[in-house]
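User: Hey, I'm new to this one. Can you walk me through it once it's on screen?
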Amino acid sequence: MDNGPIEKYTSSVGMAHRRDYGQFFTPFDVAVFMCRWAVSHGAKEIYDPSFGLGAFFTAAKSIDPLVSFRASEVDQRILDFYFQTNGSSPALHIARENYLSAWNQSHSAIVCNPPYMRFQLFSNRDVVFSSFKQHLQCSLSGYTNIASAFLIKSLSELLPSGRLAYIMPLEFLNTGYGKAIKSRLITNGLLKALIRINPEKDVFPDATTSVGIILVAKDGTASPVKFYTAPNLSCLSYLLETNPTRELSSHDLKPEDKWLKHFDERHSNFKSRNLVTIDTYGAFNRGIATGANEFFAMSRSDAKRYHLPHATFLRCITKSAQVKKSIFTEQDMNALEAGDFPVLLLNVNGAVSGVVADYLKYGEECGYHERYLTKVRTPWYKLEKRTPAPLLFGVFSRERFKVIRNLSTAVNLTCFHGFYPNLFGKGIIDVLFLYFQSRSARRLLELNMRRYGDSLDKFEPNDLNQALAPSLDWFSRLSQDAVAKALEACRQGNPLPAYIDEMFDKLILEAEQQHPEEGTARRL
Ligand SMILES: C[S@@+](CC[C@H](N)C(=O)[O-])C[C@H]1O[C@@H](n2cnc3c(N)ncnc32)[C@H](O)[C@@H]1O
């Protein structure tokens with residue numbers, strides 16, 4: 001489609017309106033690809049649940065000028081703009097309605113770029129969820145976003161032999177709420193292919209999540225699901241004729257598993273006696289969530305101002321940026337405190353009186369006891385108990401993980417996950433720290449991370465606990481001298497020495513060579 005009308009529309013309504021309705025527009029080539037899929041069984045009518053400026057109608061007409069097109073669209077403003085610009089067409093029937101409450105329809109070809117907005121902005125969620133329960137006997141998690149709800153509903157509306165193509169953020173493939181969606185996709189072999197689009201910015205310049213195309217055919221056959229990664233949009237036209245990155249039978253695709261890893265060409269089931277999951281050595285836990293950092297965390301001068309004694313506090317890393325080097329010592333913590341950073345965490349235990357009681361009263365006057373987290377705690381100011389964790393892992397990362405060897409007595413807030421070793425892990429904290437910094441760890445950990453698009457990666461503690469690491473036996477091959485030298489380099493603020501990276505690379509190579517399914521070496 002010519003981009004002129006989109007630009008004119010965008011400047012006439014502004015970004016806030018577009019965001020409220022989740023309005024992003026499908027590029028013409030992508031819309032053509034999706035329509036081709038949807039009508040390839042000979043359908044003469046296409047349905048789009050969220051019409052927008054008619055990207056799919058334009059694409060469908062370019063494939064078959066006689067196609068009949070039905071659509072829903074909730075926003076009167078975008079419809080007015082569309083008809084003013086294009087006029088009406090006998091082949092086009094649009095209902096101005098909220099698709100999520102328009103039940104009892106069925107279609108033989110569905111194409112959709114559903115509105116995308118975070119679940120918090122999904123208004124009347126409760127009403128929608130209860131109607132899903134009533135019509136589809138489906139209980140949706142509170143985290144389900146509007147795009148996922150569209151997809152579940154459309155799947156239920158496909159006629160036998162029908163086909164569907166959806167373009168939407170793919171984060172549901174790796175998150176808990178996505179389990180219900182994945183389960184519906186693989187039931188009766190509906191899902192045929194998933195295509196991750198790289199770079200996503202071409203499709204949704206303003207969105208911040210990974211985007212992909214979901215291809216479904218209700219053909220009654222449970223063929224293997226193909227995972228593709230499209231390096232650019234122009235390759236879409238022949239992508240389905242190429243070899244997929246992976247092909248998995250619906251038997252091997254479990255709804256509770258994370259599926260994003262299947263787009264990764266480098267992924268193979270690393271199975272080796274030299275690799276174990278991190279939980280062999282202990283567990284990562286989330287840092288302390290205070291519910292009101294501005295009340296609980298303060299600087300030395302703030303503490304003085306409120307006359308609060310030092311013994312009322314735990315020393316605490318409250319922001320990721322406070323840690324500059326990969327080895328964090330007690331001296332570093334002293335420097336932060338002396339530099340008046342907010343690294344004192346109010347830790348009130350037992351009876352309260354005097355200045356502490358005054359400060360808590362002040363907190364109540366400011367309403368901190370009514371916050372989301374504080375109001376469910378008894379008493380509201382009692383924090384979770386944590387001991388200092390010897391290894392810290394940054395929750396969000398771009399390009400590189402932030403892994404810290406914590407030699408200080410500081411605890412940490414939620415900016416880091418803390419590793420608490422068990423008996424096996426206690427003796428290998430230093431080598432685990434080196435491993436986490438290596439490029440091999442990055443490759444193995446990537447298989448478990450959540451990608452938020454725009455290169456922003458996130459880990460939950462359990463993602464880390466399930467990630468792979470060398471076995472104790474393998475670690476024992478590292479010479480103490482090499483480890484000591486590498487630690488010294490990190491202490492000086494230098495990057496991990498190349499020889500450590502090379503040692504861990506060898507580990508992965510061995511694991512690949514031992515890959516039980518393939519028998520031959522695969523290259524990362
Ligand atoms: C991502 S845009 C896609 C527009 C167009 N189909 C395209 O591909 O370019 C989603 C559209 O859905 C509309 N929409 C939002 N919520 C809706 C709802 N509950 N029912 C129907 N349409 C909705 C928005 O106004 C927007 O036009």
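This is a predicted model: local features need pLDDT of at least 70, side-chain atom pairs count only at pLDDT 80 or more; totals for chains, interfaces and linings use all residues.

User: Which helix is Asp358 in?

Analyst: Asp358 belongs to helix 12, which covers residues 354-365.

User: And how far apart are the C-alpha atoms of Asp358 and Tyr306?

Analyst: They are separated by 8.7 Å, while along the chain the two residues are 52 residues apart.

User: OK, zooming out. How many helices and strands does the protein have?

Analyst: There are 19 helices and 23 strands. The protein has 524 residues, and 39% of them are buried. If you take contacts between residues at least 6 apart in sequence, 75% of those join residues at least 24 apart.

User: Now the ligand. Which residues come nearest?

Analyst: Thr26, Ser50, Gly52, Ala55 and Asn113 do, out of the 23 residues around the ligand.

User: What classes of residue make up that shell?

Analyst: The shell around the ligand has 12 nonpolar residues, eight polar and three charged. Helix 3 (55-63) supplies at least two residues of the shell, and so does strand 2 (68-73).

User: Helix 3 again, then. At what angle do the axes of helix 2 and helix 3 cross?

Analyst: Roughly 65°, with the axes coming within 8 Å; helix 2 is residues 28-39. The crossing of helix 2 and helix 3 is right-handed.

User: Which residues of helix 2 and helix 3 meet there?

Analyst: On the helix 2 side you have Phe28, Ala31, Val32, Cys35, Arg36 and Val39. Helix 3 brings Ala55, Phe56, Thr58, Ala59, Ala60, Ser62 and Ile63. By class, the contact of helix 2 with helix 3 has 10 nonpolar residues, two polar and one charged. Ala55 is also one of the residues that come nearest the ligand.

User: Switching topic: how do the axes of helix 1 and helix 4 cross?

Analyst: They cross at roughly 140° and come within 11 Å, with helix 1 at residues 4-21 and helix 4 at 76-86. That angle is why helix 1 counts as oblique to helix 4.

User: Is that crossing left-handed or right-handed, and which residues make the contact?

Analyst: The crossing of helix 1 and helix 4 is right-handed. Pro5, Tyr9, Ser12 and Val13 of helix 1 make the contact with Arg77, Ile78, Phe81 and Thr85 of helix 4. Sorted by class, this contact of helix 1 with helix 4 has five nonpolar, two polar and one charged.

Note on methods
Residues are numbered from 1 along each chain as its sequence is written. A residue is near a molecule or strand if its C-beta atom, placed from the backbone, lies within 6 Å of it. Helices (H or I, at least four residues) and strands (E, at least two) are DSSP runs, numbered from the N terminus. Ala, Val, Leu, Ile, Met, Phe, Trp, Tyr, Cys and Pro count as nonpolar, Asp, Glu, Lys and Arg as charged, and the others, Gly among them, as polar. Axes are lines fitted to C-alpha atoms, for helices over the stretch in contact, and angles run from 0 to 180 degrees between N-to-C directions. A crossing is left-handed if the near helix is turned anticlockwise from the far one by less than a right angle, and right-handed if clockwise. Two residues are in contact if their C-beta atoms, placed from the backbone, lie within 7 Å. Angles under 35 degrees count as roughly parallel, over 145 as roughly antiparallel, 65 to 115 as roughly perpendicular and the rest as oblique. A residue is buried if 20 or more other C-beta atoms lie within 10 Å of its own, exposed if 12 or fewer, and partly exposed in between; C-beta atoms are placed from the backbone.
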